Amino acid sequence: MPQNRTRSSTGATRNPQTHQAILASTIEILKEAGYCGVSIESVARRAGASKPTIYRWWPNKAALIAEVYECESEQVRQFPALGSLRDDLSFLLHNLWRVWRSTICGEAFRSVIAEAQLDPHTLAQMKNEFMVRRRDMPRQLLESAMRRGELAEGVDQELLLDMIFGFCWYRLLTEQLSAERDIDAFIDLLLSGAAAR
């Protein structure tokens, strides 16, 4: 619900209450109206914050939605090490798809991708910051598998990451996240070409 008074700001330092109100309002609007319904104006109105405060903390709505994704997807980064690349990837991707389906994260990620196609600055941020963090965990899985001798010597880990992300992004963008049975079939195909002989 819109607030009757504007929340206070502490300048460049984020007021925790205002910060949370802005993120919560962004989530609500994404759920109600999707990416096209989100604007700095609508978020400011819903959160009871000023537009200058939002712009001071986030340069555009893509950066704001990216932070929503960062916060809401924390559970994806928490999982047990199962001891094999096949099992670790299976757990990670099943968990990721579930989070994309059951939380605002799927819509938020689609929104960031969409904005990156329209704005070169957002695309650069996505490639150089946002996606660097997204690739960190699966890269660690591949490095651990390499140390265990599960992957062929000299396999291109970055290309493997591209393949994993390409598969997941295609299913996200075409709303095929319910076909989880395909995850393990994909992993089998992926590893059949990369596994140590």
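This is a predicted model: local features need pLDDT of at least 70, side-chain atom pairs count only at pLDDT 80 or more; totals for chains, interfaces and linings use all residues.
# Notebook: an all-helix chain

I walked along the protein chain from the N terminus, and its elements run α-α-α-α-α-α-α-α-α. The tally is nine helices and zero strands.

Residues are numbered from 1 along each chain as its sequence is written, and side-chain values use heavy atoms, with hydrogens and water left out.

**Entry 1: the whole chain**

I looked up the overall span first. The C-alpha trace of the protein chain covers about 65 × 30 × 30 Å along its principal axes. Next I checked how much is tucked away: of the 197 residues, 47% are buried. My cut-offs here are buried for under 20% relative accessible area, exposed for over 50%, and partly exposed in between (1.4 Å probe, protein chains only).

The protein chain exposes about 10,300 Å², and carbon and sulfur atoms supply 53% of that. Those areas come from the Shrake-Rupley method with a 1.4 Å probe; for residues, only the protein chains shown count as cover.

Then I looked at contacts, meaning heavy atoms within 4.5 Å. Among those between residues at least 6 apart in sequence, 68% join residues at least 24 apart.

**Entry 2: the core**

Which residues have the most contacts inside the largest nonpolar core? I found I22, W100 and F109, in a core of 59 residues. Helix α5 (residues 85–102) gives the largest share of this core, eight residues. A nonpolar core here is a set of buried Ala, Val, Leu, Ile, Met, Phe, Trp, Tyr and Cys residues joined through side-chain atoms within 4.5 Å.

I zoomed in on I22. Not counting residues up to four places away in sequence, I22 touches V43, A47, A49, I54, W57, W58 and L64.

W100 came next, and I found W100 in helix α5. Its relative accessible area is 4%, so W100 counts as buried. Leaving aside neighbours within four places in sequence, W100 is in contact with Y69, C105, G106, F109, C168, W169, L172 and L177. I also checked W100 against S73: they are 27 residues apart along the chain, with their C-alpha atoms separated by 8.5 Å.

For contrast I picked Q17, which sits in helix α1. Is Q17 buried or exposed? Q17 counts as exposed, because its relative accessibility is 61%. Q17 and S42 are 25 residues apart in sequence and 18 Å apart in space, C-alpha to C-alpha.

**Entry 3: charges and salt bridges**

I counted charges: the protein chain has 24 positive and 25 negative side chains, and the centres of the two sets lie 6 Å apart. Lys and Arg count as positive and Asp and Glu as negative, while His and the chain ends are not counted. The place of a charge is NZ of Lys, CZ of Arg, CG of Asp or CD of Glu.

Why would such groups team up? Side chains of opposite charge can pair when their charged atoms come close. How many salt bridges does a search of the whole structure find? I got 13. To count, a side-chain nitrogen of Lys or Arg must be within 4 Å of a carboxyl oxygen of Asp or Glu.

- R46 bridges to E32, with the closest N and O atoms 2.8 Å apart. This pair links distant parts of the chain, R46 in helix α2 (residues 40–47) and E32 in helix α1 (residues 16–37), 14 residues apart. R46 is buried at 18%, whereas E32 is exposed at 57%.
- R110 bridges to E107, the closest N and O atoms being 3.2 Å apart. Both lie in helix α6 (residues 105–118), three residues apart, about one turn of the helix. R110 is partly exposed at 24%, and E107 is partly exposed at 21%.
- R148 bridges to E150, at 2.5 Å between the closest N and O atoms. R148 is partly exposed at 38%, and E150 is partly exposed at 25%.
- R135, R139, E158 and D162 are linked in a network of salt bridges.

**Entry 4: S84**

Where does S84 sit? I found S84 in the loop between α4 (61–72) and α5. S84 is buried, with a relative accessible area of 18%. Apart from neighbours within four places in sequence, S84 is in contact with R148 and E150, and those two form a salt bridge with each other.

Technical notes:
Helices (H or I, at least four residues) and strands (E, at least two) are DSSP runs, numbered from the N terminus.
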